[in-house]
Amino acid sequence: MGDKVENIKQKGGFRACTFVFVFSALENMGFIANGISMVLYFKNEMHFDLAGASNTLTNFFGSTFLLCLVGGFISDTFLSRFATCLIFGTLEVLALVMLTIQAYSKNLHPPDCGKSSCLKGAIAAYFYGSLYLYSFGCGGNRGTLPAFGAGQFDENDPKGAKALASYFNFYLLATTVAAVVGVTGIVYVFTEKSWWLGFLVSSVANFIGLIALAAGKCLYRIQQPGESPLVRVAQVLVVAIKNRKLSLPDNPEELYEINEKERASTWERIPHANQFRCLDKAAIMPKDSAVAAPWRVCTVTQVEEVKILTRMMPILASTILMNTCLAQLQTFSITQGAAMDPHLGSIKVPTSSIPVIPLLFMSILLPLYEFFFVPFARKITGHPSGITQLQRVGIGLVLSAVSMTVAGLVEVIRRNAFNETPPKQISLFWLSFQYCIFGIADMFTFIGLLEFFYKEAPAGMKTLASSFTYLSLSFGYFLSSAFVDIINAVTKRITPSKQGWLHGKDINKNNVNLFYWFLAIVSVLNLVLYLYAAAWYKYKPENCSDIKPKPLMDPSAKEEKIDQDD
């Protein structure tokens, strides 16, 4: 037994994460290339109008990131994170093959009807079926893969805590470098060769990444799924409501908590906090009960788990708007670029490749951040990540507001040049300003959120909580679709022309700049709310007392339970 445990302890680490990085890179390479190009595919091949193509893409992204919760829930409750990644990765490859077939077959393309959407019947069913199967596969992977990689480190060990902070930076670096390849190589295939060939390249890359992930099985620390996190949350809420008329004891130590013997089989013990005292009523032992039952009384630790999730919600809510801004860079900014001069000297640059500028910038900044800024800041603050996760998120929110302001200014310059006589096209590289600023913002916010939700989450909810990062993205994309429809409807009534800011297919007749500035103003207001939420948030204690790590599975002996205390 001792040899088996020692074998488990030798697993994991950055050696195992290499396979995770390879899969995440190859998968993200196709996902990013598809994401920034599909608005043109929807508009030119599927014959959506400008608003319809934009909303179809943002709804796709919104659904993808919402479905991250499904992957997180499944891997925390039913399957290991490794098995969940393999299943959703297979669905993703299948969906890409279906998209390739539709792009190749002209019989699966709708005729141009001049309406907002020309999809009907079997063509529409095939289109939405393949698109949302792709969304399901991508979402499940994104909800599970970051936590699977993070699970290769012991965050309760000081060295493991530092390695964990570095892991998230390297995870973003791997996906960023792959995205550079995607927005140059695959986007070139999309725009200069054919759409079906671009989808085929994405399919092959995904398949190779999936094989690489499976190949690292013998090196992984694979965690067993446990009790459903949703059930644990529901138990606290139900019991707290049942006990709402009971009085809380003056001493929190009188609340129910499992004893030392029972605690030996649990993951961790979270000390009592004074926030949300109404939930503490779930930990009041009924006077008529001699034995604790799950739906009659909850432990203090279980109550604190729900408190942690509740404290996370304002942070989650205040980052949604930044992802609404991100949606504009993948929709209207791409349409802007299509009306600009794409030449860099004698080289014609595809419009969809312009995000390569901030991606290259991030590829340089991330190693500098990891190897220079973090060690320097760590000496000053003593924090394993250099600065706290919420400080990192706050920097990103400031920059996202700046990015939308710059985007509006660039659109004014572009449209004024077009309205000259004769019309002029400014360089496509004017868009690099808004992309670079937002790229830096994303570097701070995305990984800050991912690390924040993973480290702050209770032990049995880490995968589900990690997917909250993508839940913020999901709501941001859905909010973008809602804003487009609402702004169009309102401005159609109040403008002298009786046309919305974002009407029709011709961006030169629209007021996209006003939409950008609207988002910038709302972003500033949102930043104020975030600062209040971040100041109010109470971090989980770094070292919860009496921590017992969740049992790990040796892939070569799945069925054998390993007692790590031996």
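Biologist: How many aromatic pairs does the structure hold?

Modeller: This is a predicted model, and the structure holds 42 aromatic pairs. One of them is formed by Tyr128 and Tyr132, which are stacked at 6.4 Å centre to centre with 25 degrees between the planes.

Biologist: Where do Tyr128 and Tyr132 lie?

Modeller: Both are in helix α6, which covers residues 121-142, and they are 4 residues apart, about one turn of the helix.

Biologist: Which residues form an aromatic cluster?

Modeller: One cluster is made up of Phe14, Phe21, Phe153, Tyr167, Phe168, Phe170, Tyr171, Phe371 and Tyr454. Tyr454 also has Lys462 lying over its face, at 4.9 Å from the ring centre.

Biologist: What lies over the face of Tyr537?

Modeller: That is Arg311, at 5.8 Å from the ring centre.

Biologist: Changing topic, how do the axes of α2 and α5 cross?

Modeller: The axes of helix α2 (residues 13-44) and helix α5 (residues 81-104) come within 13 Å and cross at roughly 35 degrees, and the crossing is left-handed.

Biologist: Which residues meet there?

Modeller: From α2 there are Phe23, Glu27, Asn34 and Tyr41, and they meet Gly89, Glu92, Leu96, Gln102 and Ala103 in α5. The residues of this contact divide into 4 nonpolar, 3 polar and 2 charged.

Technical notes: Residues are numbered from 1 along each chain as its sequence is written. This is a predicted model: local features need pLDDT of at least 70, side-chain atom pairs count only at pLDDT 80 or more; totals for chains, interfaces and linings use all residues. Side-chain values use heavy atoms; hydrogens and water are left out. Rings of Phe, Tyr and Trp (its six-membered ring) pair if their centres lie within 6.5 Å; planes under 30 degrees apart count as stacked, over 60 as edge-to-face and the rest as tilted. Helices (H or I, at least four residues) and strands (E, at least two) are DSSP runs, numbered from the N terminus. A charge sits over a ring if NZ of Lys or CZ of Arg is within 6 Å of the ring centre and within 35 degrees of the ring normal. Axes are lines fitted to C-alpha atoms, for helices over the stretch in contact, and angles run from 0 to 180 degrees between N-to-C directions. A crossing is left-handed if the near helix is turned anticlockwise from the far one by less than a right angle, and right-handed if clockwise. Contact means heavy atoms within 4.5 Å. Ala, Val, Leu, Ile, Met, Phe, Trp, Tyr, Cys and Pro count as nonpolar, Asp, Glu, Lys and Arg as charged, and the others, Gly among them, as polar.
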